[in-house]
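This report is meant for a reader who is meeting the structure for the first time. Please look through the sequence and the model before reading on.

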Amino acid sequence: MTLHAHLVVTRPAFTLDISLTVAPGEVVALLGPNGAGKTTALRALAGLTALARGEIVLDGSPLHTLSVEERPIGMVFQDYLLFPHLSALDNVAFGPRCQGVSKAEARRTAAALLDRVGLTDHATAKPRRLSGGQAQRVALARALAVRPRLLLLDEPLAALDAHTRLEVRSQLRRHLADFDGATVLVTHDPLDAMVLADRLIVIEHGAIVQQGVPAEVARRPRTDYVARLVGLNLYRGVADGSGVKVGQLLISTSDRLEGPAFVAFAPAAVALYRSRPDGSPRNVWQARIEGVERHGDNVRVHLDGPIVAFADITPAALADLDLTPGQQVWASVKATETHAYPA
Amino acid sequence: MATSERSERPVNPSGGAAGRAAPPRKGSGRLPWMLVLPAVLGLAFLVLPLAGLLIRAPWPTLLQRLAEPQVLEALRLSLFCATVATALCLVFGVPLAWLLARVSFPGRRLMRALVTVPLVLPPVVGGVALLLVLGRRGLVGQWLESTFGVTLPFTTAGVIVAEAFVAMPFLVISVEGALRGADQRYEEAAATLGASRWTVFRRVTLPLIMPGVVAGAVLCWARALGEFGATITFAGNFPGTTRTMPLAVYLALETEPEAAIVLSLVLLAVSVIILASLRDRWVTTP
């Protein structure tokens, strides 16, 4: 049940042009900022948006020549779109009924699926009586009821509040693990993507900018958007064996590289000083404080200078250093705390 | 849903009492008589004729007059024709509304305009037009008679055709509006579940727009029930076959004014019931 797709869709704002392969049982997340084309890609896979060019092949047979209702897909929409006039059970039984299964048989299938997502007690409830988390599970059961070979999820957790989200995310992960077909999910939340997906595909402006397993993407971001998502300072420069030259600043690293390279380090790795520090840290530069904001238990300091960087320091350190915006400070990062990789 | 809406709308009693205790001086001074006077006159103009109907009604003999055979005959014919006409409008009007709302084709705007023509056309003109097309010498009527032996003018079927012609735009406009307002993504969701376009319409779209369909059908029925001009032109005025209530009212007015009042009261009662049912059951229910 391998999915091979090359999707080209022209939109007034951009052209989506991506290729992706999803193995059976694999969950691939399309991650990207709003308006990047993630949902367009998902709709193109479902057949709800027409392809300008390209192809979709599932198990060796073309999908793009089929109409939406003929495709062996299951789709969970962002706000679930449960049919408001049908009970939870009949929502789930809708797909099997469309496939020509008898009413009794369809309802048995639906009841079994509702049981699997733990909603047997709510089978007769109309969608407006369900909570967000319950509606999400009904939507998943409805999509699985058609025995799809390709499961598509559009922002499956975006409509939930923070607490429900945590719970539903882990349940969804379990259900996706049980599903043996290919799964493509769209999200703008890096946490959802990391928890739910086996592989990430990052899309910006309609094109793939990076892909890989979550740990790889988190460690080696390749665009500012990804770096921001995973919380790293990221620079592009030229490596000369011992360090990476970014603008005027040479950042020493422990990785030996030559040629165009990225260098990344965590904001927590940046230390700030009132006067130029002596000793071991090899990367020292003078920076100007642009702003200070709370960041979890720490304080995030925005630095301008030869490079733009974030530094995370403790509130105590902030008080000791008596930092205010506009002030000049010295920033330093140990070479061992940086990570360089080819661009 | 309707009951919860009603319970959410109680008048605030404390606010009303406070308003009476201390005369309100909010807003900006006195109401402008330039607006209030015409408003009151307009209201009187709309309400007084109906009040006159109630005042002049022969209440003591009302039931007896209602039970007269001609009255019952006209009432039965009216109800029958209006109901069949509404059924015809549903069968043809709902798909027409769907076509106008969901399928884009060249000339759609023109078609939408044409559909509303019977709405503004004088009904008598509609009757004449129907005669020209469906009359015994009409373009289609001739063929209908020679092929099927069917003649429409001056028959009960003719009444139904005339009423459907005049009333269908009400249904089409109401249903088209409901279709435009309905979230089309439900239809997409149904398609991803394997539903064909016909199944999507039957099992998802139609239930979603049902309030609009019912409101349209009720309006359509009320319009058909009151139809006069097109009916008398196209179907004539034969007791028992084409003399509906409005025709009976018009005729009775010359010979027996009290009978006309009684018949009018029946039609008024029907209108009020329809309005009340529309308000409570369908217009406010999502």
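## Where the two chains meet

Across the interface of chain A and chain B, two salt bridges are found. In one salt bridge B:Glu188 pairs with A:Arg43, and the closest N and O atoms lie 2.8 Å apart. Between chain A and chain B there are also three residue pairs in polar contact, both residues of each pair being at pLDDT 80 or more. On the side of chain A that touches chain B, the elements giving two or more residues are strand S6 (73–76), helix H2 (88–98) and helix H4 (132–144) of chain A, and H2(A) gives the most, with four residues. The residues on this side of chain A divide into 14 nonpolar, two polar and six charged.

The size of an interface is often given as the accessible area lost when the parts come together. Here chain A and chain B bury about 1800 Å² between them, with 67% of it on carbon and sulfur atoms. A:Glu69, A:Leu81 and A:Phe94 supply 31% of the area that chain A buries against chain B, which is more than any other three residues. Counted by residues, the contact takes 22 from chain A and 19 from chain B.

## Helix H2 of chain A

H2(A) is mostly covered, since nine of its eleven residues are buried. Among the buried residues of H2(A) are A:Leu89, A:Val92, A:Phe94 and A:Pro96. What covers the buried residues of H2(A) comes from both chains and includes helix H3 (103–116) and H4 of chain A, together with H11 and helix H12 (197–225) of chain B. Just after H2(A), A:Gly100 takes a positive phi of about 90°.

## Two buried residues of chain A

A:Leu48 is found in the loop between helix H1 (38–46) and strand S4 (53–58) of chain A. Is A:Leu48 buried or exposed? Its relative accessibility is 18%, and because the cut-off for buried is under 20%, A:Leu48 counts as buried. Not counting residues up to four places away in sequence, A:Leu48 touches A:Arg43, A:Val68, A:Met75 and A:Phe77 of chain A, as well as B:Glu188 and B:Thr192 of chain B. A:Leu48 and A:Val68 are 20 residues apart in sequence, yet in space they are 6.5 Å apart, C-alpha to C-alpha.

A:Arg165 is found in helix H5 (residues 162–178) of chain A, and at 15% relative accessibility A:Arg165 also counts as buried. Leaving aside neighbours within four places in sequence, A:Arg165 is in contact with A:Leu157, A:Ala158, A:Leu160, A:Asp189 and A:Asp192.

## Chain B and the confidence of the model

The secondary structure of chain B comes to 15 helices and zero strands, and of the 286 residues of chain B, 36% count as buried. Among contacts in chain B between residues at least 6 apart in sequence, 72% join residues at least 24 apart.

This is a predicted model, and confidence should be kept in mind when reading it. The mean pLDDT of chain B is 85, with 88% of its residues reaching 70 or more. Within chain B, confidence is highest in helix H11 (residues 185–192), at a mean of 95, and lowest in helix H1 (residues 2–7), at 40. Over residues 1–20 of chain B, pLDDT stays under 50, and the model has seven contacts beyond four places in sequence for these residues. Where pLDDT is low, the predicted coordinates should not be read in detail.

Methods: Residues are numbered from 1 along each chain as its sequence is written. Chains are lettered from A and ligands numbered from 1 in the order in which they are written. This is a predicted model: local features need pLDDT of at least 70, side-chain atom pairs count only at pLDDT 80 or more; totals for chains, interfaces and linings use all residues. Side-chain values use heavy atoms; hydrogens and water are left out. pLDDT is the predictor's confidence in each residue, from 0 to 100. Contact means heavy atoms within 4.5 Å. Buried means under 20% relative accessible area, exposed over 50%, partly exposed in between (1.4 Å probe, protein chains only). Buried area is the accessible area (1.4 Å probe) that two parts lose on being put together, summed over both. A salt bridge is a side-chain nitrogen of Lys or Arg within 4 Å of a carboxyl oxygen of Asp or Glu. A polar contact is a pair of N or O atoms within 3.5 Å; within protein, one must be able to donate a hydrogen and the other to accept it, and residues adjacent in sequence count only if both atoms are side-chain atoms. Ala, Val, Leu, Ile, Met, Phe, Trp, Tyr, Cys and Pro count as nonpolar, Asp, Glu, Lys and Arg as charged, and the others, Gly among them, as polar.
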